[in-house]
Amino acid sequence: MDKKISSSDKVFSASHVAPSPALSLNKLNAGYKERQVLFNINAVFYKNKITSILGPSGCGKSTLISVCNRTLELIPGAGVISGNVFLNGNDIYDTAASAQLIRKKIGIIFQHPITFPASIVENVLFGAVYHQKLTRQERLDYARHHLGIVGLETELINRLHEPAHKLSGGQRQRLCLARTLANQPEIILMDEPCSALDPSAMRHIEELIKTLSKTYTIIIVTHNIAQARRISDYTIVMTNGRIIEQDQTTKIFEKPKRKQTHEFIEGLIG
Amino acid sequence: MVDKTREVRANQRLITERCFAVLVWIAGILGIFIPLYIITFITINGAPILSWAFLTLPPAGFPLGTGGGIGPAILGSLALITIGLSFSAPLSILAAIFSSQYCTSHNFLVFVRFFAEVLASVPSIIYGLFGYALLVVFFDLKISLLAGGITIAFMMTPVIFVGTHESFNLANKELQQAAISLGVSRLFYIRKVLLPKTLPSILTVIVLASMNAMGSAAPILLTGAIVNSIGEIRLDLPVMSLPSHIFYLVGEAVSFDHAFGTALVLVGVLIFGNMGVGWLKWRYIKNDG
């Protein structure tokens, strides 16, 4: 239960002095009913750093992050086959661990911004009112504060009680981020959060991710190689359910150790 | 040669497409015209008898039904539907929640769904027979509002269950994932997201089931209906109902005018019921999406 994973897991360059780990994956195998998708995954995600997960379609990137907050098990027949995921040294798949608490601590943002059939304020407060006791006045202030963090407060000051579905795609994605932040997570997982957005909204989200990394550990799955290069501190490259290389982003892009990594970032394999 | 074959094929496609369009137009016009014709026919024949007295007074005259009105039948029909709904709506919605959110056995789900669909299509007289045997005879509820209401609940439950289950399944799975991934419980998700999201569809299916049950004479003829009443609504007493009153007026050749008048009231209730739900749905979708 209290097995500690150190940051010296030979996953990064020897010269690199890594910060303390927030989340560690140890010999992880996972999959769906009929097929295994992840094979022997060892990875470390560092506190207050942005880690990008890159790889071709179907390589298991999304499965990997859904393993990290136990959302994979929501799919019938899917789950972890073996291995561990450690959050602050504690295995999140331990029988004593509460899946609800794990999901609170490790928030996730999906590719398509999904708003609930309620007002903007109620959307922000969705998880917060479940996990915390907030008075009526506190609720509004709390929602406004988190909308402020994602830069929506001034934009939506007169629309706070309007249905959330009326917002644009970029605004809805920021609303989803505000909803996750209002849950007070330690880690934020993002599954291609910009792929459904236009370039302007994407830029906005990227800036936000950089700002948030001062407070949160961020793990981002992306197809966009340039985006990974722009925003992340660390990069993991995957193919066929396996991690082929993980290191500091600058090293991955400037001096990849593996030929496959080089080919992928050069766009030679898709 | 090749060009000519292509041209012939293109012409054939064009003819097929035009024939299909004509067929669809005819079907569409018939689809609108037939219900309109039925409603107009009932209105023309039933409107002359309508009056405040007809809507409020009990039947009178000799033979009974040639005078007076249908006040107790309107009240009785509403009471039967209220009792039927108070049993069937919560039961079916809870069963649909169980089957879509908690049940993990695919085979069990297929089994339940199959039998619910079969039950939803069972003729209403069979529910009447079952209600009579179980409630009136076995549980000794007598022919009463309660027995009639529960029989109607038997009839509505599979319809509401299948419709609600379908709307739960159609609700975006991503919505569930987004909610649960915030660390909330399944119950919280059901209460705050699933039910509000599917409320318009659930309302529609409830109203359709109620309207269908309200218009059925067969299930209550054997369990809860009576030919005459002064309008007293009690669980242990039988009640008049609109469809059974029409059945009596026509079956006994009492009064076709009164039968058409009753039919017009029944159709009016059904139209207003559907319009009411349509309005509620429109308002809900407009406000909450």
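**A tour of the cavities**

Start with the second largest cavity: its lining splits into 6 nonpolar residues, 2 polar ones and no charged ones. Keep in mind that you're looking at a predicted model.

To bring that lining up, select Pro56(A), Val237(A), Met238(A), Thr239(A), Ile244(A), Gln260(A), Phe264(A) and Ile269(A). The space they line comes to about 30 Å³.

Now colour by secondary structure. Strand S9 (234–239) and helix H10 (259–265) of chain A each put at least two residues into this lining. Which element gives the most here? That's S9(A), with 3 residues.

How many cavities of 30 Å³ or more does a search of the whole structure find? There are 2, so hop over to the other one.

Next stop, the largest cavity, which holds about 80 Å³ of space. Centre your view on Ile108(A), Ile109(A), Phe110(A), Cys176(A) and Arg179(A): out of 13 lining residues, these sit closest to the cavity's centre.

Select strand S6 (106–109) and helix H6 (169–181) in chain A, as each supplies at least two lining residues. H6(A) is the top contributor, giving 4 residues.

Technical notes. Residues are numbered from 1 along each chain as its sequence is written. Chains are lettered from A and ligands numbered from 1 in the order in which they are written. This is a predicted model: local features need pLDDT of at least 70, side-chain atom pairs count only at pLDDT 80 or more; totals for chains, interfaces and linings use all residues. Side-chain values use heavy atoms; hydrogens and water are left out. On a 1 Å grid over the protein atoms alone, a cavity is a set of points where a 1.4 Å probe fits but cannot get out, and a pocket is an open set with protein on both sides within 12 Å along at least five of seven lines; lining residues have an atom within 4 Å of a point. Grid points are joined across faces, edges and corners, and a volume is the space filled by probe spheres set on the points. Ala, Val, Leu, Ile, Met, Phe, Trp, Tyr, Cys and Pro count as nonpolar, Asp, Glu, Lys and Arg as charged, and the others, Gly among them, as polar.
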